Amino acid sequence: MYFPSWLSQLYKGLSRPIRRTTQPIWGSLYRRLVQSSQRRNPEFNSFAVRTNTCGELRSSHLGQEVTLCGWIQYRRQNTFLVLRDFHGLVQVVIPQDESAASVKKILCEAPVESVVRVSGTVISRPAGQENPKMPTGEIEIKVKTAELLNACKKLPFEIKDFMKKTEALRLQYRYLDLRSFQMQYNLRLRSQMVMKMREYLCNLHGFVDIETPTLFKRTPGGAKEFLVPSREPGKFYSLPQSPQQFKQLLMVGGLDRYFQVARCYRDEGSRPDRQPEFTQIDIEMSFVDQTGIQSLIEGLLQYSWPNDKDPVVVPFPTVTFTEALATYGTDKPDTRFGMKIIDISDVFRNTEIGFLQDALSKPHGTVKAICIPEGAKYLKRKDIESIRKFAADHFNQEILPVFLNANRNWNSPVANFIMESQRLELIRLMDTQEEDVVLLTAGEHNKACSLLGKLRLECADLLETRGMVLRDPTLFSFLWVVDFPLFLPKEENPRELESAHHPFTAPHPSDIHLLYTEPKKARSQHYDLVLNGNEIGGGSIRIHNAELQRYILATLLKEDVKMLSHLLQALDYGAPPHGGIALGLDRLICLVTGSPSIRDVIAFPKSFRGHDLMSNAPDSIPPEELKPYHIRVSWPTDSKAERAH
Ligand code: ASP
């Protein structure tokens, strides 16, 4: 493995002014900051006992006396050693002459991954021995002195990136895993993006970086909160799911523009790509509307976007929640590819196909379809079978595959009942080609759309595993989803309402009257930001009227308003109109770096089950140490056996 000159690229990229893609939106302030941010590369060697980093040496350093510190990456025949630091690799020539026997002994005996310091001269490699794949490949170090700073014991795995290791092992020895090129790149890119975000928010737009408490109290509906015992009997803190209340209170306090790189906590159990503690770029502003927040975030992402990626184009497109559901079957559509859901109810008004007839005879019955491009070529019979099984098992829905090429109806006998005129109308409506396959379903609008939305993504993955290029891996497709409903039926009791976002979200100005008549129909001023099919942010304009907030909490959501009396009181003391948003930093960086998991962009993440595999947290506490908290563990009977082990 060779380090590319990624680090200099990263720093260069991020300190260069952003490429302009649209009208400049920041005026003279922006220009001033960009000028001042045309910094040179950071000084990596200041304050350290080295003169250079391993990765920075080039032919321009020839003849220089250097001191380097690093880890031994590997050794070749006791003649060469490759030294590594965060910046890259450099070849060190092990001296062979008698007078340097002690240097040779140190460099030949130190195990791989030991830390050494070497001093010597930068020389060119002999002709023909240059390594063009290595940024430092034209030079090597002729060593004069060497010092073993710390020896390395036998490692649980090799550091080299191409050595595949299980994630559990990586997490157990995270400090070793962090030495890998990929983890170094991810964490440095994350740090750079956050730095640019701070610059944009604080220096360009006057935001104030404010820390809010993590020891807080339970909030209504806060079932996902972690509890922290206190020394007062029966009293607990809660770790906040987000700084939502504090950021609103900061607006009441006249701070006007708040932001924080905020740690949030949600006890959601095992979810593949979630973390019990995660980071948000949390933002709140006074005297702003929805479009104001949207433009702020577009500018923020454009400004902080790494320059080695295609530039972010603003403004981002917007769809309403209703359109997103109808077209993509989800509120977080992946808009990098088509295969949109099309309503084809009218084509089948006179159908003889039983399940279509059935669906259309019902009041809200529809027929919907998606078109799988070149499906006849890429999908196998067993794929169609598993698609149909999935629809039946998970949605209790039928799927009818229609092969437009008449010779390919092998898997859907009912398709013979499709009349020629219907086939032609289908081709027209769905803009299909010869080798395409149409997947058709019928039923109630939301259910049919959700199913087709899932199949759309499944089929996209399938087509890609079979070699079709459907989604450009370099494409970042941002999308705003707006006009969400204010309330949704509660999962456990659909007759009751819960907030679609959170209870502080303001209703859509044209729907306020519905709160008193048909609250279910009221839309909200809630907006989500979606990137390549992932929700990376969400926020809302807030309710700043205490009366309305009290009505929504108490009457519509049936919450105990006493728990929020501080907030309600604050709204009564001249709260300004305000709104905000939070970006999920981990997910954003995960998408930017193309990492398979958010754990790959967090230095010390928890496992899938919420454990720290390195330190074994959460851990048990002896009963006497629980006493000051007035807590006793009540062990579930079946874990007694486990404890005995
Ligand atoms: N606090 C909200 C969340 O974490 C974001 C917001 O409304 O600003 O989803």
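Modeller: A residue is called buried under 20% relative accessible area, exposed over 50%, and partly exposed in between, computed with a 1.4 Å probe and protein chains only. The model is a predicted one, in which local features need pLDDT of at least 70, side-chain atom pairs count only at pLDDT 80 or more, and totals for chains, interfaces and linings use all residues. Residues are numbered from 1 along each chain as its sequence is written, and side-chain values use heavy atoms, with hydrogens and water left out.

Biologist: How many salt bridges are there by this rule?

Modeller: A salt bridge is a side-chain nitrogen of Lys or Arg within 4 Å of a carboxyl oxygen of Asp or Glu. The count by this rule is 38. One of them pairs D461 with R471, whose closest N and O atoms are 2.7 Å apart. D461 lies in helix 14 (residues 445-465) and R471 in the loop between helix 14 and strand 16 (478-482), so the pair ties together parts that are 10 residues apart in sequence. Helices (H or I, at least four residues) and strands (E, at least two) are DSSP runs, numbered from the N terminus.

Biologist: Is R471 buried or exposed?

Modeller: R471 is buried, at 12% relative accessible area, whereas D461 is partly exposed at 41%. Salt bridges with shared partners join D334, R336, D461, E464 and R471 into one network.

Biologist: Which residue forms a salt bridge with E268?

Modeller: The partner is R274, with the closest N and O atoms 3.0 Å apart. E268 counts as buried because its relative accessibility is 19%, and R274 counts as partly exposed at 36%.

Biologist: Which residues are closest to the ligand?

Modeller: A residue is near a molecule if one of its heavy atoms lies within 4 Å of it. Here 13 residues surround the ligand, and the closest are Q244, K247, H501, H502 and R542. They divide into 2 nonpolar, 8 polar and 3 charged residues. Strand 21 supplies the largest share of this shell, 3 residues.

Key: Nonpolar A, V, L, I, M, F, W, Y, C, P; charged D, E, K, R; others polar.
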